Amino acid sequence: MKKEMKFEVKLTAKELWQFSMYHANAGFTGLFNLIFTAAALFLLVFRWGELTMAYRFLLVGCVLIFTVLQPLLLYGKVRKQAKTPVMAEPMYLTFREEGLEVEQNGQNATFTWEQMGRMDKKLTMAVLYMDRVHAYLLPKTVLGEQETEFYEMVKMHLPKERRKGF
């Protein structure tokens, strides 16, 4: 196993949107969104003949809120975010046996493995949460052929309760 893995991360609007969608639909919020949409769709399909035109429009709107509107609004937000100067600069994440070094625009920060919160392995990326506010995104495209080796390093240094999806 390598002692050091360095990744250049330059996030796109698509990757930021995927991360936003993970968060918007996580936990109880995601469960509520799913139940709300399913209930509105159920009423729309099975009660169509009994509904007035106003209720049909209302239910169509309810179905579209979390399936179309929310993703579009989130994409608009992250497109603006992706255009900010700080996002234009690549970030370098170097994982070592001692921890993580983050470099961007001439500034460095170093963290031990104990200082890291948790890591979630998602379908399209790994998300390293430092705390409830700060996170580093590692898209699968960035991990490349080092992905398996990277996850092995994480498993060695982060206890199971601080890893999700592994």
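The buried residues of helix H3 pack against H1 and helix H2 (27-46). Here helices (H or I, at least four residues) and strands (E, at least two) are DSSP runs, numbered from the N terminus; buried means under 20% relative accessible area, exposed over 50% and partly exposed in between (1.4 Å probe, protein chains only); and contact means heavy atoms within 4.5 Å. The model is predicted, so that local features need pLDDT of at least 70 and side-chain atom pairs count only at pLDDT 80 or more, while totals for chains, interfaces and linings use all residues. Residues are numbered from 1 along each chain as its sequence is written, and side-chain values use heavy atoms, with hydrogens and water left out.

Helix H3 covers residues 53-82, a run of 30 residues. From its first C-alpha to its last it reaches 41 Å, close to the 44 Å expected at 1.5 Å a residue; the expected span is 1.5 Å times one less than the number of residues. H3 bends by about 60° at Ile65, the bend being the angle between axes fitted to the seven residues ending there and the seven starting there. Its buried residues are Arg56, Leu59, Cys62, Val63, Gln70, Pro71, Leu74 and Val78.

H2 and H3 pack at an angle of about 145°, and their axes are 9 Å apart. Axes are lines fitted to C-alpha atoms, for helices over the stretch in contact, and angles run from 0 to 180 degrees between N-to-C directions. The crossing of H2 past H3 is left-handed, a term for the near helix being turned anticlockwise from the far one by less than a right angle, with right-handed used if clockwise. On the H2 side the contact is made by Phe32, Asn33, Phe36, Thr37, Ala40, Leu41, Leu43 and Leu44. H3 contributes Arg56, Leu59, Val60, Cys62, Val63, Ile65, Phe66, Thr67 and Gln70.

Strands of a sheet pair through backbone hydrogen bonds, either parallel or antiparallel. Two strands are taken as paired if DSSP finds at least two bridges between them. An open sheet of four strands has the order E7-E6-E5-E8, with mixed pairing. Strand E7 (135-139) and strand E8 (163-164) stand at its edges with a single partner strand each, so one side of each is left without a neighbour in the sheet. Helix H1 (residues 13-24) packs on this sheet, where it touches strand E6 (125-129) and E7, and its direction makes about 65° with that of E6. Helix H6 (residues 147-157) lies across E5, E6, E7 and E8 and runs at about 145° to E5.

Strand E5 (residues 118-121) runs parallel to E8, to which two bridges join it. Four bridges join E5 to E6 in the antiparallel sense, and a hairpin connects these two strands through three residues. Asp120 has Lys164 as its bridge partner in E8 and Val127 as its bridge partner in E6. E6 and E7 run antiparallel and are joined by five bridges; they form a hairpin with five residues between them. The bridge partner of Leu128 in E7 is Tyr136. Five of the five residues of E6 are buried, so this strand is largely enclosed by the rest of the structure. Met125, Val127 and Tyr129 point one way from E6, whereas Ala126 and Leu128 point the other way.

Another open sheet contains four strands in the order E1-E2-E3-E4, with antiparallel pairing. Its edges are strand E1 (4-9) and strand E4 (107-112), each with a single partner strand, so one side of each is left without a neighbour in the sheet. On average, neighbouring strands of this sheet are turned by 15° against each other, direction ignored. Five bridges pair strand E2 (residues 91-96) with strand E3 (residues 99-104) in the antiparallel sense, and Phe95 stands opposite Leu100 in E3. H6 packs on this sheet, touching E1 and E2, and its direction makes about 115° with that of E1.

Gly99, found in strand E3, is buried, with a relative accessible area of 6%. Leaving aside its neighbours within four places in sequence, Gly99 is in contact with Thr94, Phe111, Thr112, Trp113 and Met116. Gly99 and Lys164 are 65 residues apart in sequence, and their C-alpha atoms are 19 Å apart in space. Met91 lies in strand E2. With neighbours within four places in sequence left aside, Met91 is in contact with Phe7, Glu8, Val9, Val102, Glu103, Gln104 and Tyr136. Between Met91 and Leu59, 32 residues apart in sequence, the C-alpha to C-alpha distance is 44 Å.
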